[in-house]
Amino acid sequence: MTRKLLTGSFLLLGCALALRVSAAPFEVQEFPVPQGSGVHDVAPAPDGTVWYTGQAKGVLGRLDPGDGHVREIPLGSGSAPHGVIVGPDGNAWVTDGGQNAIVKVDAAKHTVTVYPLPTREYANLNTPVFDRAGVLWFTGQSGVFGRLDPAEGKVSVWPAPRGSGPYGITATPNGGVYYASLAGS
């Protein structure tokens, strides 16, 4: 299904929507994903494909908008991926609440590397961000924030100063990292 709108184009995956901006009129194009995937987040890849988290099935999906082909990659036992971003290395990086871990999926080989949090407490992970030094930062609504240095493979987690609620996170060009807290005001 294609609908013309104002400017740019939307890619609709299950219940998630990605926006591709251009000077041309808007076009909405829907792409079916395997039933039961439970699409949560999307991220564009440098090669023009689109990654998505399949929270209900514990997969990371990859859509090729050119031909509509979808491939789903299992992330591991108990997986429930939330956020996905593309890192400076070109790979997909996922926050996985089901595994209480950060997961990397190699963009070329589709191999999966799991970096468990150093705590057994459920973090309720959200979408991560990379800082300008290439370190991945993340939040957990259960009251934590943390980082993973891909060069070391080490995950560090700290309690949030105001307890539960850390959610959205961003990194600034000058190196600062900020997050919003839903419950911590």
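Guide: Rings of Phe, Tyr and Trp count as a pair if their centres lie within 6.5 Å, with the six-membered ring used for Trp. Planes under 30 degrees apart are called stacked, those over 60 edge-to-face, and the rest tilted. The model is predicted. With that rule, W137, F145, W158 and Y179 form one aromatic cluster.

A search of the whole structure finds five aromatic pairs. One of them is made by W93 and Y115, whose ring centres are 6.0 Å apart, with 20 degrees between the planes, and this pair is stacked. W93 belongs to strand β10 (residues 92–96) and Y115 to strand β12 (residues 112–116), so the pair ties together parts that are 22 residues apart in sequence. W93 and Y115 are both buried.

F145 is in strand β15 (residues 144–149) and W158 is in strand β16 (residues 154–159), so the pair ties together parts that are 13 residues apart in sequence.

Next, the nonpolar cores. W93 comes up again here: in the largest core, which has 13 residues, W93, I102, L117, L136, F138 and L148 touch the most other members. The elements that give two or more residues to this core are β14 (136–140) and β15. Leaving aside neighbours within four places in sequence, L117 is in contact with N100, A101, I102, A123, L125, F138, V155 and V157. A second, separate core has 12 residues, including L60, L75, A92 and V94.

Strand β7 (residues 59–63) pairs with strand β8 (residues 70–74) in the antiparallel sense, over five bridges. Within that pairing, L60 has I73 of β8 as its bridge partner. The two strands β7 and β8 form a hairpin with six residues between them, and G68 in the turn has a positive phi of about 80 degrees.

Four strands make an open sheet in the order β5-β6-β7-β8, with antiparallel pairing. β5 and β8 are at the edges with a single partner strand each, so one side of each has no neighbour in the sheet. From one strand to the next, the twist averages 25 degrees. β5 and strand β6 (residues 50–54) run antiparallel and are joined by four bridges; A43 has W51 as its bridge partner in β6.

S37 is found in the loop between β4 (27–31) and β5 (39–44). S37 is buried because its relative accessible area is 1%, and the cut-off for buried is under 20%. Not counting residues up to four places away in sequence, S37 touches Y52, G54, Q55, A56, K57 and E72. S37 and E72 are 35 residues apart along the chain, and their C-alpha atoms are separated by 9.0 Å. Their side chains are joined by a polar contact of 2.5 Å.

Key: Residues are numbered from 1 along each chain as its sequence is written. This is a predicted model: local features need pLDDT of at least 70, side-chain atom pairs count only at pLDDT 80 or more; totals for chains, interfaces and linings use all residues. Side-chain values use heavy atoms; hydrogens and water are left out. Two strands pair if DSSP finds at least two bridges between them. Buried means under 20% relative accessible area, exposed over 50%, partly exposed in between (1.4 Å probe, protein chains only). Contact means heavy atoms within 4.5 Å. A polar contact is a pair of N or O atoms within 3.5 Å; within protein, one must be able to donate a hydrogen and the other to accept it, and residues adjacent in sequence count only if both atoms are side-chain atoms. Axes are lines fitted to C-alpha atoms, for helices over the stretch in contact, and angles run from 0 to 180 degrees between N-to-C directions. A nonpolar core is a set of buried Ala, Val, Leu, Ile, Met, Phe, Trp, Tyr and Cys residues joined through side-chain atoms within 4.5 Å.
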